Amino acid sequence: MPTPPDPTPPDPGTPDPAVEPTPAPSPTPATPAADVAELPTVLPASDEPARWGRVDADGTVWTVAPEGDRAVGSWQAGDAAEGLAHYARRFDDLRTEADLLVRRLHSGRGDAAGVLRSATVLRERLDVAAVVGDLPGLVLRLDAVITTAEQAGRAEKSAKATAREQAVARKEALIGEAETLAEETTRWKHAGDRFSAMLEEWKTIRGIDRKTDDALWKRFAKARETFTRRRGAHFAELDRARASAKARKEELVVEAESLQDSDDWGPTAGRYKELMTEWKAAGRTSKDADDALWARFRGAQDHFFSRRSATFDARDAEFADNAKAKESLLAEAGSIDLSDVDAARAALRSVQERWDQIGKVPRERVREFAGRLKEVEDRVRAAVDRRWSRTDPEREARVGQFRERVEQFEAQAAKARAAGDERRAREADQQAAQWREWLAAAERATG
């Protein structure tokens, strides 16, 4: 009996159906996953071979389609079912190739051109393929793959152009920053580190044609050279400035040492403060020279301020004794009897006269003592005011008016409550309470 024909060999341009090829890396996706998901699906033929074809008695194998059946081969090696299964498996092989192309599109790895070539070759093979299956459906699926791959190819080209523009823009941004640093910066260490970082970033930016990249690099390199020249000039000037700073600080040290034995505490302390400001303004010299000059300058300062501190310590001891004396006066003032207003005023005047004779107290206690004496003065003054208030007829009249108003509102509340009008009773109670507070304040004011 004749042997069945060999399956159609895979086209060199078609991926091996057993292994999905790995597309070359690309910075842009081939096609959105949502578009790929809408591609027509095709059922496997091997599940129901009889649905898609038949084998005549003479062994002719047909594939069925809406536009008409087509003879695709001959089967003489066994029964019809085996023949159909054989040709259906061959269809499924083609279907698998189409599915692999779909997955390549779905992966978004930027291989649209390769998918388009493979899909086109596979689509052309379908017209003469010796298979049994849903050929019209597979044609539609491959046509959709081709259309999608063409769209993805255009998108890839656009994306590559966009990526190139972005890469150029990134390098131009680095050039702009480099040119600004080269012309303006004085933060030399920071700028040097930044140039190193920019150079490393520059190396990672790809996707620019050689001519454009070379032109961009020349601009960047020129900015680096400008920065290097400015930095060299700066440090040369710095060396000159350090020599000048050393000479100025030597002058300041001589003056500081000449003042260290002065007893003119205030002006000398002020001059040392000015010398410190001038020291800072003089700038820095070499570390060794700066440290040696500073040790002399600070030594003179410390000598003067140590002497001043000793003097001030003695004065502080005197102020502490004055504070004890004023504490004693405050205790005496606190015991003044306010029942006899005239005697209280005389006692207060005596305290005030002796207070002024005692002298200064420590600065941090000045406010405290002043406040405590004022409290005594306020109590005596309040006693005087109360005596006067008790003899003030106008205040007595106001107290009577307040008391009368309280009684009026209390009567209104009682009347309203008796009539069952609780709302008016509450309002009258509230008014009575307010006037009662004012009455109490007036009574306190009159003693």
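Which residue forms a salt bridge with Glu 255? Some notes from going through the model, starting with that pair.

1. The partner is Arg 271, with the closest N and O atoms 2.7 Å apart. A salt bridge here is a side-chain nitrogen of Lys or Arg within 4 Å of a carboxyl oxygen of Asp or Glu. The two ends sit 16 residues apart, Glu 255 in helix H7 (residues 210-258) and Arg 271 in helix H8 (residues 265-282); helices are DSSP runs of H or I, at least four residues, numbered from the N terminus.

2. Before going on: this is a predicted model, where local features need pLDDT of at least 70 and side-chain atom pairs count only at pLDDT 80 or more, while totals for chains, interfaces and linings use all residues. Residues are numbered from 1 along each chain as its sequence is written, and side-chain values use heavy atoms, with hydrogens and water left out.

3. Glu 255 counts as partly exposed at 28% relative accessibility, and so does Arg 271 at 21%. The scale is buried under 20% relative accessible area, exposed over 50%, and partly exposed in between (1.4 Å probe, protein chains only).

4. The whole structure has 41 salt bridges. Asp 263 and Arg 307 make one of them, at 2.2 Å from N to O. Asp 263 lies in the loop between H7 and H8, and Arg 307 is 44 residues away in helix H9 (residues 287-334). Asp 263 is exposed at 52%, whereas Arg 307 is partly exposed at 22%.

5. Arg 365 pairs with Glu 327, again in a salt bridge, with closest N and O atoms 2.7 Å apart. That one ties the loop between H10 and helix H11 (366-390) to H9, across 38 residues.

6. Helix H10 (residues 341-358) reaches 26 Å from first to last C-alpha, close to the 26 Å expected at 1.5 Å times one less than its number of residues. Val 341, Ala 344, Leu 348, Val 351 and Trp 355 are its buried residues. They share one side of H10 because they cover an arc of only 80 degrees around the axis, taken from the directions from the helix axis to the C-beta atoms. Glu 353 and Gln 357 are exposed on the other side.
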